[in-house]
Amino acid sequence: IINGAYDLFLSYGGNFPIVKYFRKLIGAKYFNRGYKAYLGEKLNATFKTVRDHEGHGSHTLSTAGGNFVDGASVFGYGNGTAKGGSPKARVAAYKVCWPPINGNQCFDADIIAAFDAAISDGVDVLSVSLGGDPAEFFEDGIAIGSFHAVKKGISVVLSGGNSGPDPGTVSNLSPWMFTVGASTLDREFTSYVELGNKIRLKGASLAAATLKSKTSYPLIGADRAKAANASAVDAILCQPGSLDPTKVKGKILVCLRGINARTDKGKQALLAGAVGMILANDEKSGNEVIADPHLLPATHLNFTDGVTVFAYINSTKNPTAYLTPVKTQLDAKPAPFMASFSSRGPNVIDPAILKPDITAPGVSIIAAFSESVGPTEDESDTRRIPFTSQSGTSMSCPHVSGIVGLLKSLHPEWSPAAIRSAIMTTARTRDNTVNPMLDSDGNKATPFSHGAGHVRPNRAMDPGLIYDLTIDDYLNYLCARGYNQTTIQLFSNKPYVCPKSYNVADLNYPSITVPELNGTTIITRKVKNVGTPGTYKAHVRSPVGVMVTVHPSTLKFTKIGEEKKFEVRLKPSRKKVDAKGGVGYVFGVLRWCDGYHYVRSPLAVKRK
């Protein structure tokens, strides 16, 4: 049972007779038999449509393959030309998610049926902005559907989930999937909080409304504005029914992030009579602030600045504040950094496979939106706009899908694994201040947050070397995981003879993870030259407390397509290990360099 909307796009080709006269959206289908079976009753006409009534599918599909559109903005903010990652692609949508029933809205039967249809239709890239709780691969409909797509040469890109920052929360974990985390970009929509004590704090917002007066307004913490029958815990979160309008009216209300939606807090503040809202992060959300299209003047502060606001309220008899109008800020620093919500590794199904694979922009992303609903997706929101800003790994996923589409056009002979490798090994792990990427808590981000790093599309066009994989490699991997003929046939569709010996760790993945280092471990990898002839030398930044050597340490390639194997030997050293923030893991990097190409693989190691 999974959440989200389902979006697949076609980079070129395909067999769509459906929407005959369109050149961009050339097909749309819906799948609801699994949903209907669970509901146990007949569906009415509202369930027999491909129309997007909540905006999620429109947003993600346009991010992956939308055309160039001048004058795109959200209430005039961020005005410019919008385009998808593959702007010349033809696209198709497959709808599998419906109104929730007991929290369930997307069913495996419908998802697998959509995969089958997309494969039959001849799509080149599948962008899948949905996911569920991690499950063993033979029990995971998305993993099964993805395998059959990859078997046909279709790249499958998936969101890693929005359950961060807790460790072990990432989903879509199979090695044939391309799993994407979410990070920021260097554009911000800023609205400052000006406190009565002259302190000025930068927040994020896309609220269309501004305060009527340029003077300060009374400021109150939501915990001090609780209704008589409500708890302070519910009130500070601005939960429905928890606020006393007589205490809130005419004031700027400070709400704490958590439980209910950010824009719903603004709605509750507005209903209680607030003139504005300050949304303060809890400690878990850290530095991640999100620009939302609030119903009233509002801004979102990070944890530290939120503490400052509450301290001011608690130390002042008559606290006041003012919220400045929203402005678009470019070249924000530092960027990118990881989103707090982005799900983290390690991989709870197979810790030897690093997930997520990559990170991409997923915070305050402007893209197309369904005008059948307001930008807050609340029934009370009567505003209708063709573009809006949304955040999530659902938004970062189609960024990568669009890049995959471009690479398929540039290198049609590359396999899905080769394309993933090109993107992963050319990613960056430094921000625009040339310092290591940060996590949402201000600490250095790790591969469990960003995978191989933040995507760099131009570098991926010419990666130099790739780590390739075939369907037999994946089947051998399943054999190594103990799959029998019955479970393997869910993937292979025919009997498959497992090799006599195969190690899960030797799957030719672009990253290297050792979840239990006890003595010397030898990992085998193979790289293929897809660039000019050259000699590559290995450079290793070993994880703390681990000795890493590469044999051979030099690889010479004389032609395109030439492959060479190497071994990575890892051994515990006597050095004391501080794996704080890594769930017991330490991290390093292996790079192959020829003076021009830098083929980078993250190392994640847990000493026993």
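Biologist: Is Asn493 buried or exposed?
Modeller: In this predicted model, Asn493 is exposed, because its relative accessible area is 54% and the cut-off for exposed is over 50%.

Biologist: Where does Asn493 lie?
Modeller: Asn493 is in the loop between α14 and β24.

Biologist: And what is the phi of Asn493?
Modeller: The phi of Asn493 is positive, about 65°, and the residue is not a glycine. Most residues other than glycine have a negative phi.

Biologist: Which residue other than glycine also has a phi near 55°?
Modeller: Phe75 has that positive value. Phe75 sits in the loop between β3, residues 69-74, and β4, residues 77-82.

Biologist: How accessible is Phe75?
Modeller: Its relative accessible area is 27%, so Phe75 is partly exposed.

Biologist: Back to the α14 loop. Where is Cys498 placed?
Modeller: Cys498 is in the loop that runs between α14 (485-492) and β24 (512-517). With a relative accessibility of 29%, Cys498 counts as partly exposed.

Biologist: What does Cys498 touch?
Modeller: Leaving out residues up to four places away in sequence, Cys498 touches Cys479 and Ile488.

Biologist: How far is Cys498 from His300?
Modeller: The two C-alpha atoms are 54 Å apart in space, and Cys498 and His300 are 198 residues apart in sequence.

Biologist: On to β24. Which strand holds Thr513, and is Thr513 buried or exposed?
Modeller: Thr513 lies in strand β24. Thr513 counts as buried, at 4% relative accessibility.

Biologist: What does Thr513 touch?
Modeller: Setting aside residues up to four places away in sequence, Thr513 touches Pro351, Ala352, Ile353, Leu354, Tyr585 and Ala604.

Biologist: Tyr585 came up there. What is the bridge partner of Tyr585 in β31?
Modeller: In β31, Tyr585 is partnered by Lys606. Strand β30 covers residues 585-593, and β31 covers residues 598-607.

Biologist: How many bridges join β30 to β31?
Modeller: There are 9 bridges, and the two strands run antiparallel. They form a hairpin with 4 residues between the strands. In the turn, Gly595 has a positive phi of about 100°.

Biologist: What about β26 and β30, how many bridges there?
Modeller: Strand β26, residues 534-541, is joined to β30 by 5 bridges, and that pair is also antiparallel. One of the residue pairs is Lys537 with its bridge partner Cys593 in β30.

Biologist: How many of the residues of β30 are buried?
Modeller: 8 of the 9 residues in β30 are buried, and the strand is mostly covered.

Biologist: New topic, cis peptides. Which residue is joined to Pro336 by a cis bond?
Modeller: The cis peptide bond runs from Ala335 to Pro336, with omega near -5°. Pro336 is in the loop between β19 (327-330) and β20 (358-361).

Biologist: And which residue is joined to Pro356 that way?
Modeller: Lys355 is, through a cis peptide bond with omega about 0°. Pro356 is likewise placed in the loop between β19 and β20. Most peptide bonds are trans.

Biologist: Now helices. How many residues are in α8, and how far does α8 reach?
Modeller: Helix α8, residues 303-315, has 13 residues and reaches 18 Å from first C-alpha to last, close to the 18 Å expected.

Biologist: Which residues of α8 are buried?
Modeller: The buried ones are Asp305, Gly306, Val309, Phe310, Tyr312 and Ile313. They sit on the same side of α8, because they cover an arc of only 155° around the axis.

Biologist: What does the face turned away from that side carry?
Modeller: That face of α8 carries the exposed residues Asn314 and Ser315.

Biologist: What is within 3.3 Å of the backbone nitrogen of Thr304?
Modeller: A side-chain oxygen of Asn302 is, at the start of α8.

Biologist: Last one, the records. Which residues does UniProt list for the PA domain?
Modeller: The unreviewed UniProt entry lists residues 235-306 for "domain: PA". In the model, that span is 28% helix and 19% strand, with its end C-alpha atoms 16 Å apart.

Biologist: What does the "domain: Peptidase S8/S53" annotation cover?
Modeller: According to the unreviewed UniProt entry, that annotation covers residues 46-433. The span is 24% helix and 24% strand, and its end C-alpha atoms lie 50 Å apart.

Definitions and conventions:
Residues numbered from 1 in each chain as written. Predicted model: local features only at pLDDT ≥ 70, side-chain atom pairs only at ≥ 80, totals over all residues. Heavy atoms only, no water. UniProt positions renumbered as here; feature names shortened; annotations may be inferred. Expected span 1.5 Å × (residues − 1). Buried < 20%, exposed > 50% of the residue type's maximum accessible area, 1.4 Å probe, protein only. Arc of directions from axis to C-beta. Polar contact = N/O pair within 3.5 Å; in protein donor to acceptor, adjacent residues only side chain to side chain. Contact = heavy atoms within 4.5 Å. Pairing = 2+ DSSP bridges.
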